[in-house]
Amino acid sequence: MSEFPSTARVVIIGGGVVGVSSLYHLAKAGWHDCVLLEKNELTAGSTWHAAGNCPSFSTSWAIMNMQRYSLDLYARLEAEVDYPMNYHVTGSIRLAHGKQRMQEFERARSMGRYQGLEMEMMSPADMKDRYPFMETHDLAGGLWDPADGDIDPAQLTQALAKGARQMGARIERFCPATGISREGDEWIVHTDKGDIRCEKVVNAAGYYAQRVGEWFRPFGGRRVPMTVMSHQYFLTEEIPELKEWSEANGRKVPLLRDVDTSYYLRQDKHGLNLGPYERNCRAHWITPQDQMPEDFSFQLYPDDLERLEWYIEDAMARVPILGSSGVGRVINGPIPYAPDGLPLIGPMPGVPNAFEACVFTFGITQGGGAGKVLAEWITEGQTEWDMWAVDPRRYTDYTDQDYCNAKAMETYGHEYAMHFPHHVWPAGRDRKLSPLHAQLKEAGAVFGAYNGWERANYFARPGDDLSEESTQTWDRNGPWAPRVREECEAVRDDVGVLDLPGFSRFALEGPGAADWLRGRITGGLPKVGRMNLAYFADDRGRILTEMSLIRHGEDDFTLITAASAQWHDFDVLRPARDAGLSLSDHTTEFDTLIVTGPQSRALFERIGTQADLSLPWLSHQAAKIAGVPCHLARVSFAGELGWEVHVRNVDMPAIYDAITGAGAKPFGMWALNALRIEKGYRAWKGDLSTDYTTLEAGLGRFVKLDKPQDFPGKAALLREKEQGVAKRFVTLIVEAGEQDAPYMSTIWYDGQVVGETTSGDWGYRVGQSIALGMIRADLAAPGTEVEIDIFGRKCPAVVQPDQPLWDPENERLRA
């Protein structure tokens with residue numbers, strides 16, 4: 001046995017499937033000097049008791065990419081590393097009890113086809129043919145996923161471990177990490193066997209991830225947002241009918257998921273494995289009376305089948321042979337849950353050269369893709385696919401343990417729920433409140449959460465249906481639609497006001513701040529007293545983020561960005577500190593109003609605003625409204641004459657009262673989305689993501705390839721400009737029917753998929769359904785007729801000229 005390693009490039013803490021996959025993929029990338037530490041034997045945590053199901057299905061583009069990659073890897077891994085594995089590709093059937101579920105399946109099928117997954121819609125008769133033991137009389141149909149199946153989690157982990165070792169990586173079993181420290185730019189990972197100095201460290205500790213995460217808090221970290229849930233499934237004894245069928249057909253029956261009832265049912269040898277996600281679920285280790293033990297390796301919770309009774313009865317009615325045999329074994333083990341049920345993969349917020357690959361609810365099917373993504377973050381500083389859906393920085397300072405527990409319980413109990421566009425999940429609310437919250441609520445605001453901040457989605461009237469059930473639809477129209485229309489019309493014809501708490505707001509200043517920014521953004525800086533949009537690219541020229549730059553002095557800037565981008569974008573700017581500049585976050589100190597509409601200037605004049613209201617578009621100034629100091633920025637995301645009013649929280653109520661008292665109509669986020677899409681304004685992590693370059697996104701006017709600074713992505717963008725882009729950003733008018741195009745709807749031309757939508761909504765000012773998207777460059781000409789797959793319907797759409805649909809010359813905006 002070689003000596004214990006004292007140095008490494010990377011140390012991974014945790015030996016489950018995700019940690020080992022990360023080690024394997026680092027070695028594949030040529031980083032062989034990496035060490036994985038496991039406190040017990042590999043797989044001792046959630047991996048060993050995992051059911052091992054391997055779906056590719058998801059309605060998240062990022063998750064589907066990750067799972068698709070995993071299944072492709074697993075299919076070739078046995079031969080690649082010469083390690084035997086029980087991997088059964090049985091296919092799966094997802095059951096739909098109604099039209100809405102079938103619509104969700106159509107959406108996933110379309111996304112899957114785009115990624116090369118051959119999912120198919122099924123009739124009840126089709127399902128009966130593939131699964132003869134199932135009752136289908138009350139079903140609307142289903143979805144067939146031929147790539148689905150199951151794998152032995154322990155064998156998978158050992159195969160990845162063997163592959164990693166073959167490439168020179170090191171695994172230390174029975175060697176728990178006991179803490180970390182930092183000297184200069186190096187991490188020191190402490191163990192009872194000795195210390196390991198390394199460049200980078202990974203928290204892949206599964207349900208121990210929060211405990212490990214505490215070690216990083218002195219170095220800028222935070223409490224890992226997670227809760228440990230009890231997931232329970234049971235295996236039946238042998239079922240003679242199932243054995244006879246399998247032997248006669250030479251295969252297993254497909255994996256069955258009744259997503260409306262909320263369980264999976266899988267053949268295991270000649271019995272069945274039933275795993276519900278029950279509403280009356282249970283979290284563990286969240287009270288002083290139920291604390292996490294120091295070591296829970298290869299252990300389970302006591303059986304608790306009573307809480308599954310309803311699900312068991314429903315499953316037996318669906319597949320009667322389930323009730324013909326006794327229970328052989330019950331598995332009740334810990335599964336970590338992030339608040340949204342998606343894992344944490346990527347840079348550890350606030351901590352240099354530290355990463356997370358933890359809190360996996362479906363670690364087996366996502367493990368292969370997770371290792372690939374994590375290795376890309378470490379070795380390249382970026383990922384092939386945009387992975388914001390799982391980026392740890394998507395959560396900020398509002399995720400205390402009460403929030404995590406409430407959301408984990410909600411997410412687990414609705415694991416298979418449909419995520420409708422106008423439905424707002426009720427758990428974990430009111431984490432961050434605007435200084436105007438009470439006033440907005442009194443005015444009828446119906447709120448949504450944006451990075452923990454409560455913002456009005458729209459304003460209801462007395463008698464409107466505010467039930468949760470009314471929002472559980474894919475349709476555009478519901479009780480909210482007349483109110484959103486009224487709000488858009490008020491902005492169009494008069495003046496509206498929108499409260500926007502939580503705008504991410506950073507101050508960057510100090511000698512050289514302007515030069516530093518010039519070397520980071522793709523375009524130019526505004527003059528003093530002016531503002532503009534700035535784009536930060538990665539070294540491929542892809543869009544990292546968009547920020548508004550407000551320039552107060554030669555080297556004095558305020559940078560404003562999306563609420564959800566707060567920790568992500570602070571990381572983008574963090575290198576400014578290394579250059580000796582002052583960078584500070586003031587997000588929680590200010591509130592912002594959008595005051596916009598053709599009468600907005602007249603309104604400000606009526607209330608005696610002390611400001612020069614003749615200053616042009618993209619100017620800014622110190623001002624007073626109702627005698628209260630504020631900052632006015634002449635800009636409007638709604639695309640009308642308007643201003644943003646930036647105010648310290650304590651002063652906002654007086655200003656808001658003056659503006660609404662003068663006749664401004666409150667409007668909400670849903671109206672704003674409709675208004676911005678008519679202008680072709682892009683939204684971050686929808687239309688703007690690292691899946692696209694700035695040139696593909698139609699942002700060439702914000703790219704200065706002739707400036708002397710060698711900003712990130714410049715070389716790539718120069719090459720792309722010479723060679724031409726493969727895709728182009730377009731606006732489309734869609735004959736959409738009752739539903740607008742959701743994110744990542746496929747665009748078709750001549751029987752082929754030629755692009756995807758990035759957002760869609762109804763434009764109330766233009767009276768049409770609009771989609772923004774990316775399309776094959778040769779089809780981006782105005783007037784090109786295409787089709788968009790919206791929940792299984794091919795809807796005609798027409799590419800529009802490269803200008804806003806509403807006020808194409810920006811005359812109203814500049815008025």
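This is a predicted model: local features need pLDDT of at least 70, side-chain atom pairs count only at pLDDT 80 or more; totals for chains, interfaces and linings use all residues.

Visitor: Which residue does the side chain of D340 meet in a salt bridge?

Guide: The general idea is that side chains of opposite charge can pair when their charged atoms come close. Here, D340 forms a salt bridge with R394, at 3.0 Å from N to O. The two residues sit in distant parts of the chain, 54 residues apart: R394 is in the loop between α10 (363-380) and α11 (401-413), and D340 is in the loop between β17 (327-337) and β18 (344-347).

Visitor: Is R394 buried or exposed?

Guide: R394 is buried, with a relative accessible area of 9%. Under 20% counts as buried.

Visitor: What does the salt bridge between D150 and R266 tie together?

Guide: First the pair itself: the side chains of D150 and R266 meet at 3.8 Å, N to O. D150 is buried at 5% relative accessibility, and R266 is buried at 6%.

Visitor: Which residue meets D258 in a salt bridge?

Guide: The partner of D258 is R318, at 3.7 Å from N to O. This pair also links distant parts of the chain, 60 residues apart, with D258 in strand β13 (residues 255-258) and R318 in helix α9 (residues 309-318). D258 has a relative accessible area of 0% and is buried; R318, at 5%, counts as buried too.

Visitor: How many salt bridges does the count come to?

Guide: The count is 53 salt bridges. Some join into a network, as with K28, D72, R76 and E80.

Visitor: Now the sheets. What is the order of strands in the open sheet of five?

Guide: The order is β24-β25-β26-β23-β27, with antiparallel pairing. Strands β24 (531-537) and β27 (582-585) are at the edges with a single partner strand each, so one side of each has no neighbour in the sheet. On average, neighbouring strands of this sheet are turned by 25° against each other, direction ignored.

Visitor: How many bridges join β25 to β26?

Guide: Five bridges join β25 (residues 543-553) to β26 (residues 556-561), and the two strands run antiparallel. For S548, the bridge partner in β26 is I560.

Visitor: Which helix packs on the sheet?

Guide: Helix α15 (residues 566-573) does, touching β23 (504-509), β24, β25, β26 and β27. The direction of α15 makes about 70° with that of β25.

Methods: Residues are numbered from 1 along each chain as its sequence is written. Side-chain values use heavy atoms; hydrogens and water are left out. A salt bridge is a side-chain nitrogen of Lys or Arg within 4 Å of a carboxyl oxygen of Asp or Glu. Buried means under 20% relative accessible area, exposed over 50%, partly exposed in between (1.4 Å probe, protein chains only). Helices (H or I, at least four residues) and strands (E, at least two) are DSSP runs, numbered from the N terminus. Two strands pair if DSSP finds at least two bridges between them. Axes are lines fitted to C-alpha atoms, for helices over the stretch in contact, and angles run from 0 to 180 degrees between N-to-C directions. Contact means heavy atoms within 4.5 Å.
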